[in-house]
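Reader: Could you take me through one part of this model in some detail? I would like to look closely at a single residue and then at the contact around it.

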Amino acid sequence: RKEVEQDPGPFNVPEGATVAFNCTYSNSASQSFFWYRQDCRKEPKLLMSVYSSGNEDGRFTAQLNRASQYISLLIRDSKLSDSATYLCVVNPNNNDMRFGAGTRLTVKP
Amino acid sequence: EAQVTQNPRYLITVTGKKLTVTCSQNMNHEYMSWYRQDPGLGLRQIYYSMNVEVTDKGDVPEGYKVSRKEKRNFPLILESPSPNQTSLYFCASSLYATRYEQYFGPGTRLTVT
């Protein structure tokens, strides 16, 4: 079983749609959680950290469920510019990071 | 401008020919790391460094070496590249450790024939 698993997609949605991604992780001792965004053939960039209480940044909402060991990302009112691959990232300790393989999103006009 | 730079961006080489990919950051970050990205596998950590002269293996260190003689630089060395090291490589840095935001370089696409 992979340490971090994501639905690879692709998710194809129309502009204005709401889309949700889930990610599960296997190490129950993991402490930090993130969503990164990666455009085609570019470097990953931090989208948002995921806090235990859940957090929101504009159209993006991240949730953490420690009991079930999953993280979610909700994108409301999708824009064409949201098309990218979204990477779920988990820190099992202070030294290394575990990346999911990514979920590809395409927002269509 | 705060950034992580990598060179070269693209490299085609032959099996067994030693190569070095440079990585440099100008943000005075303590932590630096190298990843490779392959289709369907996501990013996998090769090596990381918590500080100058401190390096440690990640998930896939075989066939790679690193050094951290200065805070800003963290080169990746392939002593004898093989075709299974064909991949997209990213260097990253963060303020201290992995619970802080990772800043990635633009990537190096390596092909070993």
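Author: Happy to. This is a predicted model, in which local features need pLDDT of at least 70 and side-chain atom pairs count only at pLDDT 80 or more, while totals for chains, interfaces and linings use all residues. Residues are numbered from 1 along each chain as its sequence is written, chains are lettered from A and ligands numbered from 1 in the order in which they are written, and side-chain values use heavy atoms, with hydrogens and water left out.

B:Gln102 counts as buried because its relative accessibility is 1%, where buried means under 20% relative accessible area with a 1.4 Å probe, protein chains only. B:Gln102 sits in the loop between β9 (87-94) and β10 (103-104) of chain B; strands are DSSP runs of E, at least two residues, numbered from the N terminus. Leaving aside residues up to four places away in sequence, B:Gln102 touches A:Tyr36 and A:Met97, and also residues of chain B including B:Tyr31, B:Ser33 and B:Tyr35; contact means heavy atoms within 4.5 Å.

One salt bridge is counted between the chains: A:Arg98 pairs with B:Asp59, their closest N and O atoms being 3.1 Å apart. Here a salt bridge is a side-chain nitrogen of Lys or Arg within 4 Å of a carboxyl oxygen of Asp or Glu.

Note on methods. Helix = DSSP H or I, 4+ residues; strand = E, 2+ residues; numbered from the N terminus. Buried < 20%, exposed > 50% of the residue type's maximum accessible area, 1.4 Å probe, protein only.
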